[in-house]
Amino acid sequence: MPNSKAKQLPKKAMTAFLFFFSVCRDEYKRRHPEEDFNGREIKYKCGERWKTMSLEEKKRFNQMAEDDKKRYELELHITRPVLAARATKGKLVGKDISLDTKLKKNRLKDINAPKRIVQPFMWFAKESRQKVAAANPDFSYAEITKEVARRWSELDPAEKEKYTVLHKKDKVRYAQEKKAYKKKQVKVPTEILESDDTEDES
């Protein structure tokens, strides 16, 4: 009988290849409706295509995997920390690190640091995710992401330019915020440190 506690855990994060495979599989079926592909054959064909793709072509799928990993870790280690600790024996999936260490690292992140640059696909996803969810209320998080990725892959280059412009503007925003952030980082002068040491000795 399956462990009931395991059922309560969030769905594991998908890899970049799995996101690509979801899109690739649907594309194959759409282009070859007359052919009777089995799962193994499609996976092989998509796997061969994945091997020949450039880093730039894989970029959006890597980003999707990274976002899904954050979603998984957030659900696993924040919303269900006790259950997660029992299920993973105090370790993150794939990493030999305790839950306490992970949570401490999250708490140590500077909330004043500038937010990361948003990629073109993520701008599109932010705009499209709610529309897809509204049109498909039964879709899971992964299914919504898959549908958003499919729409992005079929989007006309001219329409993608809108999101590329947003990305470029965000790069400028990030550079400005990072510069301002660094200026606010106050360094303690050596003289003060030496003065404190002297007072401690007296």
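The secondary structure of the protein chain amounts to 10 helices and 2 strands, where helices (H or I, at least four residues) and strands (E, at least two) are DSSP runs numbered from the N terminus. This is a predicted model, in which local features need pLDDT of at least 70 and side-chain atom pairs count only at pLDDT 80 or more, while totals for chains, interfaces and linings use all residues. Residues are numbered from 1 along each chain as its sequence is written, and side-chain values use heavy atoms, with hydrogens and water left out.

Read from the N terminus on, the elements of the protein chain follow the order α-α-α-α-α-β-β-α-α-α-α-α. Of its 202 residues, 30% count as buried, a word that stands for under 20% relative accessible area, with exposed meaning over 50% and partly exposed lying in between (1.4 Å probe, protein chains only). The protein chain exposes about 14,800 Å², of which carbon and sulfur atoms supply 53%; accessible areas come from the Shrake-Rupley method with a 1.4 Å probe, and for residues only the protein chains shown count as cover. Among contacts (heavy atoms within 4.5 Å) between residues at least 6 apart in sequence, 70% join residues at least 24 apart.

A search of the whole structure finds 1 disulfide, that is, a pair of cysteine sulfur atoms within 2.5 Å. Cysteine 24 and cysteine 46 form this link, with their sulfur atoms 2.2 Å apart. Because cysteine 24 lies in helix H2 (residues 16-31) and cysteine 46 in helix H3 (residues 39-52), the pair ties together parts that are 22 residues apart in sequence. The link is left-handed, with -95 degrees about the S-S bond, and both cysteine 24 and cysteine 46 are buried.

Another buried residue is aspartate 68, whose relative accessible area is 2% and which lies in helix H4 (residues 55-79). Leaving aside neighbours within four places in sequence, aspartate 68 is in contact with Lys12, Ala13, Met14, Phe19 and Tyr141.

On the H7 side the contact is made by Pro120, Trp123, Phe124 and Glu127, and on the H9 side by Lys162, Tyr163, Thr164, Leu166, His167 and Asp170.
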